[in-house]
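Good morning, everyone. Please bring up the model on your screens, and we will walk through it together.

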Amino acid sequence: MMDLVNRALEAVMSGTTARKCESERLDFKEAKPDFKEACSDLAEAAVCFANASGGFVVVGVVDSKAGADAFVGCELDAGVLRGRIHQLTSPNLLVEVTPITFSGARLLVIAVPAGLEVYSTSKGYAYQRINDQCVPMRPLDISRLTEERRGIDWSASSSGRTIDDVDPLALRHCRRLLQNSSDAARQSYGRLSDVDLLRALKVVTDDGLLNRAGEMLLCGESTSTCPDLAIYQHRRTQAGEADAIVRMQSPMVLAFEEVLQSIRARQGITPVTLIDGQQIQIEDYPSAAVREAIANAFIHGDWRLRSPIQIDHSTEYLRITSPGPLVNGITVNNILTMGSRARYPVLAAAFRLLGLAEEVGQGVDRMFREMIKSGRDAPMISEDRDRVMVAFRGQPPNTKIARFLATLPIEEREDTDALLIIRTLCRRRTVDANDVAPVIQRSAEEAQASLLRLSTSPVDILEPTRGTMRRTFPSYRLRGEVVSRLGAAVSYHSRAIDEIDRKVIDHIRDYGEVNSRTIQRLFDVDVYQARDILRDLVGREIITRTSEQRRGTAVRYGPGPAFPVRKVRSVARKRKAAPDNNESLF
């Protein structure tokens, strides 16, 4: 992870202010002149990272400056500082302090691990790193983090309610979910007795009472949550009046299904025909992505806050807001690769057994994949201390992207990294591993491996640029034929038009004509894409139809009025004037 520090230092040296390089894992500090104040300030910064996901504090950098002026250095002794941080924190925090030299200045890098407990300063103040800020922790934040780090599952504690309180409709719905499963083991659970089924779902405590997960899932009028589990609102436009408001109450298994049905009832469909003639139906908001987002809200929302899940649905956006922050250790910048961590393991396990949620670490990936495959932007995920919001943008699907992605090998079509890279390259001409790493939330080395895979057989949709091929992290771009297939989906499509024009013009100059089959071979496109290319060239009068046949692949085209004339260099040069032999010299 020192690569994170090195890249940030290089960015500051290149002209970016240090503050802009700070993140949830990195902080720049200028040591205070007074030794005691300096140690206290750095101990506070260490507590911040220990109560989050860990990180680095680089001491000796002015965060408001850029370039060489930002590196003022630090003279603190590394060993002494490490000891003082240990003394000034509770429980005593062990960090690693490493001196480095950069731009002629001595800096200290404090590596702080993610803590196993909740840490505070010796004065009793607890802080937590949120995004690039160090903020004081509230009693609720401390309680939540303590339970998560000690493995205390609030949903596993007794609710005080008996099995007789289970709603018969909720239990019948659970059986139907299990019996309709394609998994034989789940099907067998659906044939168990009521008591055995509840035990299989792990919603019964040792004394025979329902735990909180069982009460929320299966009982009406749950005392563990607020009266409304979820509130759904539909608007014709994003800022318009709600034309439908639905309040879902416990049992949770029924409320979950009711939310999905409310969204499904107002979905629009866009039909798209693929190259092979198959037609696919693209929903306004892909059901698989929506289902995962709703499941995550029910499973990971902090029900102790007694706030409902909010679902706002319009043609522009679908926003799903759940109470509480992300589970400790998960951030918006690592949610794709960190893997799922259940806030309430018993509740999450019951959801998975019923088939209402993906296995660990798959749900968010699926949200991203389904949105991109439908020709739309990736989901937007944001959080603060009190809520997490997932927003799906509902613009009309980019059918060219959807068609292209449908032609990829199944391994790449289901690979989130590949889809994110392709979507990025529809907006940028070139990217390298350092550009891609934050997008796919992986290291630069892992990003390079993905780029390399996409540039080699059998995928072969990227190519390294000629000038960077020998670099450790070359710059990659979409191959010309891929850009032409994506067409207007590529924001810099003029490059594709120029390349198509050049190849077609060269072919006509060599062979005198071109037809649809030639276009298909030149650009590796289907007959429909070849037709579009020919129509564009005819429309711009670069080519014109030269055959009597007007339809089909036998139609031939030759130079049109706007066909560029080759500039021929004249071989006759103006001779120097020479005296005529018949002319007198005198």
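Predicted model: local features only at pLDDT ≥ 70, side-chain atom pairs only at ≥ 80, totals over all residues.

**A walk through the model**

Helix α10 covers residues 252-264. It lies across β11, β12, β15 and β16. Against β12, helix α10 runs at about 165°. Now find helix α11, residues 287-300. Helix α11 lies across β11, β15, β16 and β18. Its angle to β16 is about 20°.

So what is the order of the strands in the sheet? Read it with me: β12-β11-β15-β16-β18-β17. That is six strands in an open sheet, with mixed pairing. Which strands sit at the edges? They are β12, residues 242-249, and β17, residues 380-383. Each of these two pairs on one side only. On average, neighbouring strands in the sheet are turned by 10° against each other, direction ignored.

Strand β15 spans residues 309-313, and strand β16 spans residues 317-323. The two are antiparallel, with four bridges between them. Look for His313: opposite it, in β16, stands Leu318.

Next, a helix pair. Two packed helices are described by the angle between their axes and the distance between the axes. Take α17, residues 433-440, and α18, residues 444-454. They pack at about 100°, and their axes are 8 Å apart. Angles of 65 to 115 degrees count as roughly perpendicular, so α17 is roughly perpendicular to α18. Which residues meet here? From α17 we have Ala433, Asn434, Val436, Ala437 and Ile440. From α18 come Ala444, Ala447, Gln448, Ser450 and Leu451. By class, this contact has seven nonpolar residues, three polar ones and no charged ones.

How many cavities of 30 Å³ or more does the structure hold? Four. I want to show you the second largest cavity, with a volume of about 380 Å³. Its lining has 24 residues. Closest to the centre of this cavity are Gln128, Arg129, Ile130, Leu326 and Glu383. Helix α5, residues 139-150, gives the largest share of the lining, four residues. Strand β7, residues 127-130, supplies at least two. By class, the lining of this cavity counts seven nonpolar, eight polar and nine charged residues.

There is a pocket to visit too. The second largest pocket holds about 400 Å³ of space. Its lining is made of 13 residues. Nearest the centre of this pocket lie Arg531, Arg550, Arg551, Gly552 and Tyr557. Helix α22, residues 527-539, brings the largest share of the lining, five residues. By class, the pocket lining has five nonpolar, three polar and five charged residues.

Keep your eye on Tyr557, one of the residues nearest the pocket centre. Tyr557 is also in strand β23, where it is the bridge partner of Val514. Strand β21, residues 514-515, and strand β23, residues 556-559, run antiparallel and are joined by two bridges. Strand β23 has a further antiparallel pairing, with β22, residues 543-545, over three bridges. There, Thr544 stands opposite Gly558.

That's the tour. Thank you, and over to you for questions.

Conventions. Residues numbered from 1 in each chain as written. Heavy atoms only, no water. Pairing = 2+ DSSP bridges. Axes fitted to C-alpha atoms, helices over the stretch in contact; angles between N-to-C directions. Contact = heavy atoms within 4.5 Å. 1 Å grid on protein atoms, 1.4 Å probe; cavity = no way out; pocket = protein on both sides within 12 Å on 5 of 7 lines; lining within 4 Å. Points joined across faces, edges and corners; volume = space filled by probe spheres on them. Nonpolar A, V, L, I, M, F, W, Y, C, P; charged D, E, K, R; others polar. Parallel < 35°, antiparallel > 145°, perpendicular 65-115°, else oblique.
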